[in-house]
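Please walk me through this structure.

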Amino acid sequence: MKVAIIGAGISGLACAYELERLGVNPVIFERRFTVGDFHQHTGAMLQISSRPISDQLQYIRDKFDITLLPLNKIEEIVMYSPRNKAVVRGAHLGYTFQRGQDETSMERQLWRFVKSKVNFNTHADYKVLAKEFDYVVVASGNHMISNDVGIWREAIVAFIKGAVILGDFNPRSMSIWVDTDFAKSGYGYMIPFDDKKATLGLVVPYATKKEMENYWNLFLKTIKLNNPIVETFEQDLTVGYCTTHVVDNMYFVGNAAGLLDPLLGYGIFAGLLSGIYAAIAIVQKKDYEKMIKPLVRTIDAFTAFRNYIDELDNKGIDRLIKFLKVPGIKHMIYNTNINVLQLGARLLRK
């Protein structure tokens, strides 16, 4: 069986490792010169998005023999609106990860599991590969191929500006700022690497690069940032969904499959699982669409919340943060295994 994988990100590498475990050595194509994002930053995997799975890392370790080391376990999430602040604490709210080209990054950790060669600096033509290989897994990390084959539907386009800052931080805490003045219907965030360094970021939907600079400066002024900035980064983010995830002999995984949540832009767990599921579906002739259905339902739920947030002004955001401070509500959302994401989405749709 000949299998090609386009992309050596987390979805492509997870797929490659599972294929190898099932006895298939894939051919991997990566357009860049190495594995990992160009800029170092931190990412989060929140437990609330994977319920009823209570521990994502234990789940992939026990079921798929992939052991990933996080930066930290999240035990506190601090949420700010213009006039409110909510603090959530729990023994296990999720994990933070190093992203980029550092040896401890998630991409590099996954790469060490994979024995198959990665063909770097290679632009893979999916049309050619689809003829030369029995199967092609599209793990390109973007929507270009999905859009080209006609299965992509755009939901939101955002611009991200971020920085690595120095200071004194609680590495088990992450912060989120929601304010339409500097983020529109997006958000600001801070996720520490450790107790001395953190990623500070701002995600603004439908903002141009020129507008982003103004939003960024207002963000820094609003949160009263005085920390030294050691590096900055910028990138576009397009979020959408796919009408199908299998086209002929091509399987779409991760961001290329539209499995990036449209609320916060997170997709680590869905990226890992979709890559693994594609490998299993190919080798064991299983129904890939059925396998990823829970992941698609989660994205649908996030979409309902995204549509709700898009309609809020700052007064509405203040009310929302105030609601999340109610002890019973806060406990149910963050310190139980109730799938509040699906429950809340159903209520919002009604």
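Which residues of α13 are buried? They are Val-340, Leu-341, Gln-342, Gly-344 and Ala-345. Buried means under 20% relative accessible area, exposed over 50%, and partly exposed in between, with a 1.4 Å probe and protein chains only. Helices (H or I, at least four residues) and strands (E, at least two) are DSSP runs, numbered from the N terminus.

This is a predicted model, in which local features need pLDDT of at least 70, side-chain atom pairs count only at pLDDT 80 or more, and totals for chains, interfaces and linings use all residues. Residues are numbered from 1 along each chain as its sequence is written, and side-chain values use heavy atoms, with hydrogens and water left out.

The cover over the buried residues of α13 includes α10 and α12 (327-334). Look also at the start of α13. There, a side-chain oxygen of Asn-339 reaches to within 3.2 Å of the backbone nitrogen of Gln-342.

Now take α10 together with α13. Two packed helices are described by the angle between their axes and the distance between the axes. The axes of α10 (residues 293-310) and α13 (residues 340-349) come within 9 Å and cross at roughly 50 degrees. Axes are lines fitted to C-alpha atoms, for helices over the stretch in contact, and angles run from 0 to 180 degrees between N-to-C directions. The two helices are therefore oblique to each other: angles under 35 degrees count as roughly parallel, over 145 as roughly antiparallel, 65 to 115 as roughly perpendicular and the rest as oblique.

Which residues make the contact? From α10 they include Arg-297, Ala-301, Phe-305 and Tyr-308. From α13 they include Leu-341, Ala-345 and Leu-348. Contact means heavy atoms within 4.5 Å.

Next, the loop between β1 (3-6) and α1 (10-21). Gly-7 is found there. At 7% relative accessibility, Gly-7 counts as buried. Leaving aside neighbours within four places in sequence, Gly-7 is in contact with Gly-12, Ile-28, Phe-29, Glu-30, Ala-139 and Ser-140. Its C-alpha atom is separated by 7.0 Å from that of Gly-141, 134 residues apart along the chain.

Thr-96 sits in strand β5 (residues 85-99). Thr-96 is buried, with a relative accessible area of 2%. Not counting residues up to four places away in sequence, its contacts include Gly-43, Pro-70, Asn-72 and Ile-191.

Ser-146 is buried, at a relative accessible area of 0%. Beyond residues up to four places away in sequence, Ser-146 touches Ile-151, Trp-152, Cys-242, Phe-252 and Ala-256.

Methods. A polar contact is a pair of N or O atoms within 3.5 Å; within protein, one must be able to donate a hydrogen and the other to accept it, and residues adjacent in sequence count only if both atoms are side-chain atoms.
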